[in-house]
Protein chains: 2
Amino acid sequence: MNQQDSLLIRALRRQPTERTPVWFMRQAGRYLPGYQKIRSGLDFLELCKNPELASEVTVEPLEVLDVDAVIIFSDILVPLEAMGMGVEFGDRGPCMSDPLTGRDGIERLCIPDPVESTGFVMDVIRATHARVDGKVPVLGFAGAPWTLACYALEGSPSRTFAAAQRMVYESPSDLHLLMEKIADTVTAYLLAQVEAGANAIQLFDSWGGMLGHQAFEEFSLAYCRRILEGLDGCGVPRILFIRGAASHLHAIASMVDELGVEAVSLDEMTRPQHALEIFGHRCALQGNLPPQALFAPVDDLRSRVCDLLDVFTDHPGHIFNLGHGILPTTPVENVRAVVDEIRARS
Amino acid sequence: MNQQDSLLIRALRRQPTERTPVWFMRQAGRYLPGYQKIRSGLDFLELCKNPELASEVTVEPLEVLDVDAVIIFSDILVPLEAMGMGVEFGDRGPCMSDPLTGRDGIERLCIPDPVESTGFVMDVIRATHARVDGKVPVLGFAGAPWTLACYALEGSPSRTFAAAQRMVYESPSDLHLLMEKIADTVTAYLLAQVEAGANAIQLFDSWGGMLGHQAFEEFSLAYCRRILEGLDGCGVPRILFIRGAASHLHAIASMVDELGVEAVSLDEMTRPQHALEIFGHRCALQGNLPPQALFAPVDDLRSRVCDLLDVFTDHPGHIFNLGHGILPTTPVENVRAVVDEIRARS
């Protein structure tokens, strides 16, 4: 099938669909038995760099859950490694072996050629297409500059991201230099994914919501804008996900309008009714069941799914998803029940 | 001085003031030399239980910074310990030695008499009054039920609070039982603080903003309401601080209106102009300089302080504060520069 006619791509373009498409953030993950088996033999980063196995992990949710899209298995730190930073596999997942501490380190970072430095990601996209054989679209993705800067400065996920947050005020010009380099790297990286066959891309700013309201516009939104502008005319829909931005919907909507961004993904803190009011018919909306709701008794879970679908009745351009990634201990049968409920409503 | 006439209490009651009062969340903390000296000899919880030293730490910011209020030095876990849970001092501060795992543990928790079980907190309030000698009001505080439930279920601060978040969906009736017990404990605890001489109290829901939008109303807001209602008529102003609630201001404003809550403290993600529009003249507003802004060059910091004061010009009932607690490595001279700038504007 030409993926332009797929359920997901039509919904992203707000064209009529027979039913709501569904996929899940982090759907290729530890809650799946096939993933666990493959991961028991190699670490996260090794898996990312093995197109054969990474594509196998990528398509498992299609087979087990019957979702309407696959998203390539990869790590958001891949572009930072290509820029010249060391990435290692720590206790709590991938982290930076040598976080940046000053302007010197930032100046030393390069803006790499994405095919030369991260060609394995493009190989994963091609290998995934070979496996899905036209059944569903293949999504590419990247982390947004603020989220990647947090990693580059902090090393590993933190509750407060104190080093990155301090730099906003203490040395903003150094931070801007870092953000510019990351933004240009990520733009080229996503364009290469599209070139390799990604049918849509999602930009993740997982930690944008931690910024103060002024810093949010200056460091999260402005650099998402730079990337989304750089992707304008690339031919595939762009999905923007900024976690913790429920109070910034008006600012995001203005940008979406101006750049013609195709879709916004909502976290679970956002009232979908409110998002519909603000985004109206400007773009498609994706989301936003809380990932923890997948632990609810199945009847309760099904009724939450129906409530969410009801909000978007008569509004073309809803893609069912979570407000954040699937949690590692999620029961697979509950995820499957969500897909079944959505398919039953067609 | 009768504290009813103090700058802070007048601002909390939206009466005219000569200038904006200022204090800082976590102003008695590791960035201060006197605090560090006292803490080098004993751990956090020992210090909380020593009224002589806890009151000394409490008043240090008055001497060093010339702030307009002191807030008692204590720990938010104190009421959980009184309910029957073990609290210990871990690597990253106080944590629970035996987090709750099921309904049995919740049922075993008691609703303690605050004077019998936590009389040392009331002693800190009295000892602090003796030290400040009427110069400024003494604030009491407590953690809100959702934040305390996160600790009780998780053990220590976490980035995701997965156990507590899961319980929202997996066993909400058990969670409600826990929340009710905590809410009743905290209400009695705050009333005892008022009885002991607290001139105002602040309720902290530091992690309310992590909840999905429906769960926020059911588990964060509803239990803040229960406590604030229980304090109605206690004779001192109530300040509500829910961190991460910038997208919930309308819901908070309805509650504030209904209960006559005196003040809301804003985190740094909230646009103060927006908060003013929503809260209008319903209550006083406290906040909301980002704690990281205290690391900015002093000229830049002073100009941020002025910008924030400007927003509230002609609006009685602004209390200058941060959007969250002072960070441990904050330069004291920068905090002092903020106070000087505010005092210079009188």
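What follows is a working chat about a predicted model with chains A and B.

Colleague: Quick one before we start. What kind of model is this?
Modeller: This is a predicted model. Keep that in mind throughout.

Colleague: Fine. How many helices and strands in chain A?
Modeller: Chain A has 15 helices and nine strands.

Colleague: What does the C-alpha trace of chain A span along its principal axes?
Modeller: About 55 × 45 × 40 Å.

Colleague: What percentage of chain A counts as buried?
Modeller: 54% of the 346 residues.

Colleague: What about contacts between residues 24 or more positions apart in chain A?
Modeller: They make up 76% of the chain A contacts with a separation of 6 or more.

Colleague: Switching to the sheet. What is the strand order in chain A?
Modeller: The order is β1-β4-β5-β6-β7-β8-β9. That is an open sheet of seven strands, paired in parallel.

Colleague: Which strands of chain A stand at the edges?
Modeller: β1 (70-71) and β9 (318-322) of chain A. Each has a single partner strand, so one side of each is left without a neighbour in the sheet.

Colleague: How many bridges join β1(A) to β4 of chain A?
Modeller: Two, and the strands run parallel. β4 of chain A covers residues 138-143. A:Val70 has A:Val138 in β4(A) as its bridge partner.

Colleague: Now chain B. What order do the sheet strands take there?
Modeller: β1-β4-β5-β6-β7-β8-β9, seven strands in an open sheet with parallel pairing. The edge strands of chain B are β1 (70-71) and β9 (318-322), and each pairs on one side only.

Colleague: Which residue stands opposite B:Ile71?
Modeller: B:Leu139, in β4(B). Two bridges join β1(B) to β4 of chain B.

Colleague: Tell me about β6 of chain B. How many of its residues are buried?
Modeller: Five of its five, at residues 238-242. B:Arg238, B:Leu240 and B:Ile242 point one way from β6(B). B:Ile239 and B:Phe241 point the other way.

Colleague: An arginine in there too. Is B:Arg238 buried or exposed?
Modeller: B:Arg238 is buried.

Colleague: What does β6(B) pair with?
Modeller: Start with β5 of chain B, residues 200-205. β5 and β6(B) pair in the parallel sense over five bridges. In that pairing, B:Leu203 stands opposite B:Leu240. β7 of chain B, residues 263-265, is joined to β6(B) by three bridges, also parallel. There, B:Leu240 stands opposite B:Val264.

Colleague: How does the chain get from β6(B) to β7(B)?
Modeller: Through helix α12, residues 249-259 of chain B. That β-α-β crossover is right-handed.

Colleague: And which helix goes with β5(B) and β6(B)?
Modeller: Helix α11, residues 213-230 of chain B. The three make a right-handed β-α-β unit.

Colleague: I also spotted a hairpin. Which strands of chain B form it?
Modeller: β2(B) and β3(B), with two residues between them. Four bridges join β2 (residues 87-90) to β3 (residues 93-96), and these strands run antiparallel. B:Glu88 stands opposite B:Cys95 in β3(B).

Colleague: On to the interface. How many residues of chain A are in contact with chain B?
Modeller: 24 residues of chain A are in contact with 24 residues of chain B. Helix α9 of chain A, residues 162-170, gives the largest share of the chain A side, six residues.

Colleague: How many nonpolar, polar and charged on that side?
Modeller: Eleven nonpolar, eight polar and five charged.

Colleague: What about α9 in chain B? Which residues are buried?
Modeller: B:Ala164, B:Gln165, B:Arg166, B:Met167, B:Val168 and B:Tyr169. The buried residues of α9(B) pack against α8 (145-154), α10 (172-195) and α11 of chain B.

Colleague: What rotation superposes chain A on chain B?
Modeller: 180 degrees, with 0.0 Å of shift along the axis and an RMSD of 0.0 Å. That is the relation of a two-fold axis.

Colleague: Last one. Why say the copies meet through the same surface?
Modeller: Because 100% of the interface residues of chain A are also interface residues in chain B.

Note on methods: Residues are numbered from 1 along each chain as its sequence is written. Chains are lettered from A and ligands numbered from 1 in the order in which they are written. This is a predicted model: local features need pLDDT of at least 70, side-chain atom pairs count only at pLDDT 80 or more; totals for chains, interfaces and linings use all residues. A residue is buried if 20 or more other C-beta atoms lie within 10 Å of its own, exposed if 12 or fewer, and partly exposed in between; C-beta atoms are placed from the backbone. Two residues are in contact if their C-beta atoms, placed from the backbone, lie within 7 Å. Ala, Val, Leu, Ile, Met, Phe, Trp, Tyr, Cys and Pro count as nonpolar, Asp, Glu, Lys and Arg as charged, and the others, Gly among them, as polar. Two strands pair if DSSP finds at least two bridges between them. Copies are superposed by least squares on the C-alpha atoms of residues with pLDDT of at least 70 in both. A crossover is right-handed if, with the strands pointing away from the viewer, the path from the first strand over the helix to the second runs clockwise.
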